[in-house]
Amino acid sequence: MFSRRKLLFSSAASVFGSALLGRSAAAQPSAADTTHSHLKPARRSSGGRTPVITPNGTSLPYRMENGVKVFHLTAEPVKREFVDGFAVNCWGYNGMTPGPTIEAFEGDRVRIYVTNKLPEGTSIHWHGVILPNGMDGVSGLTQPKIGPGETFVYEFTLKQTGTLMYHPHFDEMTQIALGMHGFFVIHPRNAAVRRVDRDFAIFLNEWFIKPGTATPDPTVMLDFNVFTFNSRVFPGTDPLLVRTGDRVRIRIANLTMDSHPIHIHGHKFYVTGTDAGPIQPSAWIPENTVNVPVGATRDMEFVADNPGDWAFHCHKSHHVMNQMGHGLPNLLGVDAGNTQARLDALTPGTMVMGPTGMGDMSEMQGMMPTPRNSIAMLGGAGPYGTIDMGGMFTIVKIRDDIDYGRDPGWYSSGPRAYRVNSISTPEQQSPHQHHASGS
Ligand SMILES: [Cu+2]
């Protein structure tokens with residue numbers, strides 16, 4: 001029974017592949033050719049749509065009124081804990097940053113009330129949504145600003161699908177930087193189209209928060225010191241829980257001042273959509289890293305065929321560091337002499353940082369006092385020591401038999417690199433010798 005199902009499944013996949021690529025049967029990739037595994041459909045082949053999971057966040061509830069989907073967003077100050085012991089004064093929607101994910105379907109009529117509980121005006125722009133000009137939410141251009149205490153209503157019909165966004169178009173510099181943004185996901189009406197088993201949405205943000213303070217500085221333009229996935233830093237970021245064989249989509253949105261090259265380990269993925277909607281499969285690009293430009297979204301999809309704990313992070317190395325890693329005097333290679341001993345006498349607990357690199361900070365950070373309400377330079381505890389990345393970092397946990405609602409702990413199966421005391425290498429061979437022996 002099982003093998004029959006498997007056979008049906010794989011032949012369905014190859015028909016799917018040939019239809020999409022328009023290739024003859026003779027040109028079909030062999031079973032060993034895994035380059036087309038991205039066309040493998042979701043294992044979940046029936047039922048309703050797969051809901052979007054916003055890690056450390058949620059979707060926005062709605063009610064139906066005469067066939068219209070009615071939502072309510074409240075713009076307001078929000079206290080957000082980026083990680084235990086580090087609470088930040090943000091602005092957001094409905095008590096959170098990013099704001100709750102709006103989910104709707106192609107063809108839906110939506111009505112969205114926006115109440116302003118901020119100390120200044122605001123508006124909401126529906127980024128990427130094709131709608132009547134007067135619903136576009138640009139303060140001064142298409143509507144007056146929504147004053148403090150006022151409520152505006154937007155209403156339009158959704159004529160597209162994809163990973164879109166919402167954000168203010170008033171005092172953008174302050175409001176977006178303080179965390180006012182959210183996903184606007186429009187699903188295809190037919191649930192079978194582009195079905196995935198797991199569908200995640202991660203909003204990027206970057207902040208400047210002086211260690212020991214709680215309010216981000218929105219006037220900072222380039223030199224940020226806190227980098228977040230859904231306004232959390234690792235180890236405060238929820239892991240992405242996935243079952244082996246699942247077809248996974250991760251939607252990434254970026255309204256920061258930098259592009260962010262988002263990278264996954266142990267898999268390749270395909271870029272399958274932008275904030276202008278889905279990309280046709282023949283144009284999907286295989287990647288290990290996708291640069292998410294400013295003011296854009298990217299959808300990535302992969303088949304989770306490699307169980308383990310896989311790092312998922314921004315590849316700009318400073319963007320996986322936290323507050324204390326930035327703006328220090330450079331001591332690399334400096335002979336610090338007896339400076340440490342003198343410091344110990346003068347101000348116990350102070351460290352000379354960096355003469356041999358910053359890596360050892362990971363072992364020291366637990367012992368070092370940091371200012372109240374701040375995060376250390378580095379990440380969190382792993383099964384083999386400190387994971388020295390924080391910021392835009394999370395873990396994709398792939399298991400054969402996972403309960404989506406429960407963190408399975410650390411992965412321990414399979415071969416693992418280990419420490420050795422002697423080195424055994426094959427006798428050195430020049431390329432020429434190798435060539436000669438092979439012919
Ligand atoms: Cu980045």
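Two strands count as paired if DSSP finds at least two bridges between them. In this predicted model, four strands form an open sheet with mixed pairing, in the order β4-β9-β8-β6. The chain averages a pLDDT of 85, and 80% of the residues score at least 70.

**The four-stranded sheet**

- The strand order is β4-β9-β8-β6, and the sheet is open.
- β4 (102–105) and β6 (125–127) are the edge strands; each has a single partner strand, so one side of each has no neighbour in the sheet.
- On average, neighbouring strands of this sheet are turned by 25° against each other, direction ignored.

**Cis peptide bonds**

- The bond from Thr-97 to Pro-98 is cis, with omega near -10°.
- Pro-98 belongs to the loop that links β3 (86–93) to β4.
- Phe-234 and Pro-235 are also joined by a cis peptide bond, with omega about 10°.
- Pro-235 sits in the loop between β11 (226–229) and β12 (240–243).

- Asn-56 is not a glycine, yet its phi is positive, at about 60°.
- The loop that holds Asn-56 runs between α1 (2–21) and β1 (63–65).
- Asn-56 has 19 other C-beta atoms within 10 Å and is therefore partly exposed, since a residue is called buried if 20 or more lie within that distance.
- Arg-194, likewise not a glycine, has a positive phi of about 55°.
- Arg-194 is placed in the loop between β9 and β10 (198–207).
- With 22 other C-beta atoms within 10 Å, Arg-194 is buried.

**Confidence along the chain**

- The average pLDDT over the chain is 85, with 80% of the residues at 70 or above.
- Residues 1–34 have a pLDDT below 50; beyond near neighbours in sequence, this stretch has 18 contacts in the model.
- Residues 434–439 also have a pLDDT below 50, and this stretch has one contact in the model beyond near neighbours in sequence.

Definitions and conventions:
Residues are numbered from 1 along each chain as its sequence is written. This is a predicted model: local features need pLDDT of at least 70, side-chain atom pairs count only at pLDDT 80 or more; totals for chains, interfaces and linings use all residues. Helices (H or I, at least four residues) and strands (E, at least two) are DSSP runs, numbered from the N terminus. Axes are lines fitted to C-alpha atoms, for helices over the stretch in contact, and angles run from 0 to 180 degrees between N-to-C directions. A residue is buried if 20 or more other C-beta atoms lie within 10 Å of its own, exposed if 12 or fewer, and partly exposed in between; C-beta atoms are placed from the backbone. pLDDT is the predictor's confidence in each residue, from 0 to 100. Two residues are in contact if their C-beta atoms, placed from the backbone, lie within 7 Å.
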